[in-house]
Amino acid sequence: MGKNDKQSEENGYDAEEMTVELDLEDGSKVTCAIITIITVSGQDYIALLPLDDEGENEDGEVWFYRYSENPNDPNEEPDLGYIEDDEEYEAVADAFDEYLDSAEFDELVEEGD
């Protein structure tokens with residue numbers, strides 16, 4: 001762990017929070033900050049913020065994947081799956097927008113104290 005492990009809160013997240021490394025189809029790897037896990041129609045989804053080599057995200061792009069854990073083995077790596085259906089993706093994106101709205105509202109309430 002070096003000096004670059006802690007990023008400022010300017011990016012909207014704390015880089016010391018959990019990250020996951022994804023293997024992309026082209027064989028490369030990308031580190032993503034875990035934003036949240038949301039549930040839509042009984043299915044869990046994970047929202048990931050892809051990070052560059054400096055641990056930053058310049059374009060604000062967020063990736064969504066299906067997310068499932070093995071209930072019998074909490075130490076097993078969670079399973080991430082692609083969302084191939086457009087309607088399913090839109091439902092997840094809408095739920096994520098609602099999550100962001102509530103998170104921003106919570107921050108405003110905290111700032112007002």
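Helices (H or I, at least four residues) and strands (E, at least two) are DSSP runs, numbered from the N terminus. The structure described here is a predicted model, in which local features need pLDDT of at least 70 and side-chain atom pairs count only at pLDDT 80 or more, while totals for chains, interfaces and linings use all residues. Residues are numbered from 1 along each chain as its sequence is written, and side-chain values use heavy atoms, with hydrogens and water left out.

**Overall layout**

The chain has 1 helix and 5 strands, and along the sequence these elements follow the pattern β-β-β-β-β-α. Of the 113 residues in the chain, 26% are buried, where buried means under 20% relative accessible area, exposed means over 50%, and partly exposed lies in between (1.4 Å probe, protein chains only).

**Two loops**

Ser41 sits in the loop between strand E2 (29–40) and strand E3, and phi of Ser41 is near 50°, a positive value in a residue other than glycine. Ser41 counts as exposed because its relative accessibility is 79%.

Asn57 belongs to the loop between strand E3 (43–50) and strand E4 (63–68). Is Asn57 buried or exposed? Asn57 counts as buried, because its relative accessibility is 15%. The side chain of Asn57 also makes polar contacts, a term for a pair of N or O atoms within 3.5 Å; within protein, one must be able to donate a hydrogen and the other to accept it, and residues adjacent in sequence count only if both atoms are side-chain atoms. This side chain reaches the backbone nitrogen of Asp59 at 3.4 Å, and it reaches the backbone nitrogen of Gly60 at 2.5 Å.

**Salt bridges**

Side chains of opposite charge can pair when their charged atoms come close. A salt bridge is a side-chain nitrogen of Lys or Arg within 4 Å of a carboxyl oxygen of Asp or Glu, and a search of the whole structure finds 2 of them.

| Acidic residue | Basic residue | Closest N and O atoms |
| Asp23 | Lys29 | 2.5 Å |
| Glu88 | Arg66 | 2.8 Å |

Glu88 is buried because its relative accessible area is 15%, whereas Arg66, with a relative accessible area of 35%, is partly exposed. In the other pair, both Asp23 and Lys29 are exposed.

**A patch of negative charge**

Which residues gather in a patch of negative charge on the surface? They are Asp85, Asp86, Glu87, Glu90, Asp94, Asp97, Glu98, Asp101 and Glu104. Patches are made of residues with over 30% relative accessible area and no salt bridge, with like charges joined within 9 Å and nonpolar side chains (Val, Leu, Ile, Met, Phe, Trp, Tyr) joined within 5 Å.

Glu98 is placed in helix H1 (residues 86–112) and counts as exposed because its relative accessibility is 57%. Asp94 is also found in helix H1, but Asp94 is partly exposed, because its relative accessible area is 43%. From C-alpha to C-alpha, Asp94 and Val40 are 9.8 Å apart in space, although they are 54 residues apart in sequence.

Methods: Areas by Shrake-Rupley, 256 points an atom, 1.4 Å probe, with all protein chains shown as cover. Lys, Arg positive; Asp, Glu negative; His and termini not counted. Charge placed at Lys NZ, Arg CZ, Asp CG, Glu CD.
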